[in-house]
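I opened my notebook to look up a few things in this structure. Here is what I wrote down, entry by entry.

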Amino acid sequence: MKIIVEAQGTLLKVSQKLDVPYREQRRTSTRGAIKGFSAKSRIRLLQLVARLRIIKKLHPTFLTLTYGKTFPDCQTAKKHLWNFIKRLRRRSPEVFSCIWRLELQDRNAPHFHLIIFNMPFIHKATIQKLWAECVSEQYWDYSAEEVRYPFTRIEAIRNHKKLCCYVSKYIAKKDDASPEGDASSCGFNNEPYLSAQKITGRLWGVINKAMLPFAKISQVVIDYDKKWYREFQDMCRQIWNGIEDDSGFHLYTSNPYSVTYILSKRFVEKFKIPIVSEVHESLRILPCEPCPF
DNA sequence: TTACGGTGGCGTATGATCGC
DNA sequence: GCGATCATACGCCACCGTAA
């Protein structure tokens with residue numbers, strides 16, 4: 001077995017690679033349809049965000065898109081979102097990228113949270129108009145005397161702390177009141193999904209992943225040995241004490257690179273363990289048009 | 001000419017299931 | 001309860017026809 005230690009952004013991921021191919025160990029099965037925001041799905045989303053690095057020149061932006069009093073089902077809403085994203089992308093097709101998250105309000109109305117990178121400057125009113133044009137008029141806001149476009153919220157993300165704040169508050173938010181079960185074990189409130197029985201498909205996704213601002217990556221692969229791995233885990237427990245013996249783990253820390261550095265220097269020297277492979281890639285910064293934010 | 005939405009095919013995020 | 005792995009449901013994207 002090999003141990004893969006990976007540092008990127010604020011993520012430290014330690015995983016185990018088995019020597020025996022897993023294919024030989026398991027029997028085949030058919031996966032079911034997507035019914036909700038599972039704990040694993042949430043972890044994948046959090047890990048993805050942790051791998052990013054927020055740089056002002058990429059104009060990271062947080063955007064919320066909603067519907068009026070009447071609202072469509074999730075499939076139709078996704079169609080609206082996709083048309084909206086296509087319109088945005090046409091304004092900067094090469095570098096535009098985003099992470100989207102579908103959420104249901106208590107009234108079962110779908111709405112979207114987006115983290116956008118490299119979006120050209122567009123006035124809030126224009127964005128609201130774009131979204132209104134992508135949804136049909138029946139979903140506009142008729143609650144006031146005059147008909148209004150559906151509500152949209154746009155805000156610049158100025159640093160990684162702000163991004164984490166958004167992610168925990170909106171993108172991967174927890175709700176302690178949710179019932180037991182796999183889908184709710186992540187803390188997500190599935191009540192609206194289950195009662196609506198309309199939810200189909202994924203609840204988050206990435207547009208133009210290749211252009212996301214991933215932080216530099218540092219990866220070290222070493223053959224497993226109980227001696228060094230136990231000591232390595234003890235070191236990592238200084239960051240987070242919840243790591244279990246001999247298992248893989250992941251944790252979020254401001255400087256995960258110091259862990260891979262110590263591993264590839266001190267541990268290798270102390271325990272005389274050969275490194276199987278070592279990769280250090282620097283952050284890719286993409287060109288972008290200036291923005292008045 | 002440009003912007004738009006629809007669509008087919010490929011790639012990947014997901015659920016199922018395993019061992020630990 | 002966790003991480004690892006795999007098959008596959010469905011998202012992503014290039015391309016196309018249509019409308020203005």
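How far apart are the end C-alpha atoms of H4, which has 12 residues? I was looking at a predicted model, and there I found them only 14 Å apart. A straight helix would reach 16 Å at 1.5 Å a residue, and H4 falls short of that.

Next I looked up which residues of H4 are buried, and I noted His 160, Leu 163, Tyr 166, Val 167, Tyr 170 and Ile 171. Seen down the axis of H4, the buried residues fall within an arc of 120°, so they line one face of the helix.

**Entry on a pocket.** I then turned to the second largest pocket, with a volume of about 210 Å³. I found 13 residues in its lining, and those nearest its centre are Leu 46, Cys 164, Val 167, Ser 168 and Tyr 252. Helix H4 (160-171) supplies at least two residues of this lining, and so does helix H1 (39-50).

I also sorted the lining by kind: seven residues are nonpolar, five are polar and one is charged. Which domains do the lining residues come from? Domain 1 (39-211) and domain 2 (227-273) each give at least three.

**Entry on a loop.** Last, I looked up Lys 272, and I found it in the loop between helix H8 (257-271) and strand S10 (275-281). Its phi is positive, about 55°, although Lys 272 is not a glycine. Is Lys 272 buried or exposed? Its relative accessibility is 67%, and exposed means over 50%, so Lys 272 counts as exposed.

Key. Residues numbered from 1 in each chain as written. Chains lettered and ligands numbered in written order. Predicted model: local features only at pLDDT ≥ 70, side-chain atom pairs only at ≥ 80, totals over all residues. Heavy atoms only, no water. 1 Å grid on protein atoms, 1.4 Å probe; cavity = no way out; pocket = protein on both sides within 12 Å on 5 of 7 lines; lining within 4 Å. Points joined across faces, edges and corners; volume = space filled by probe spheres on them. Helix = DSSP H or I, 4+ residues; strand = E, 2+ residues; numbered from the N terminus. Nonpolar A, V, L, I, M, F, W, Y, C, P; charged D, E, K, R; others polar. Domains from an automatic or database assignment. Expected span 1.5 Å × (residues − 1). Buried < 20%, exposed > 50% of the residue type's maximum accessible area, 1.4 Å probe, protein only. Arc of directions from axis to C-beta.
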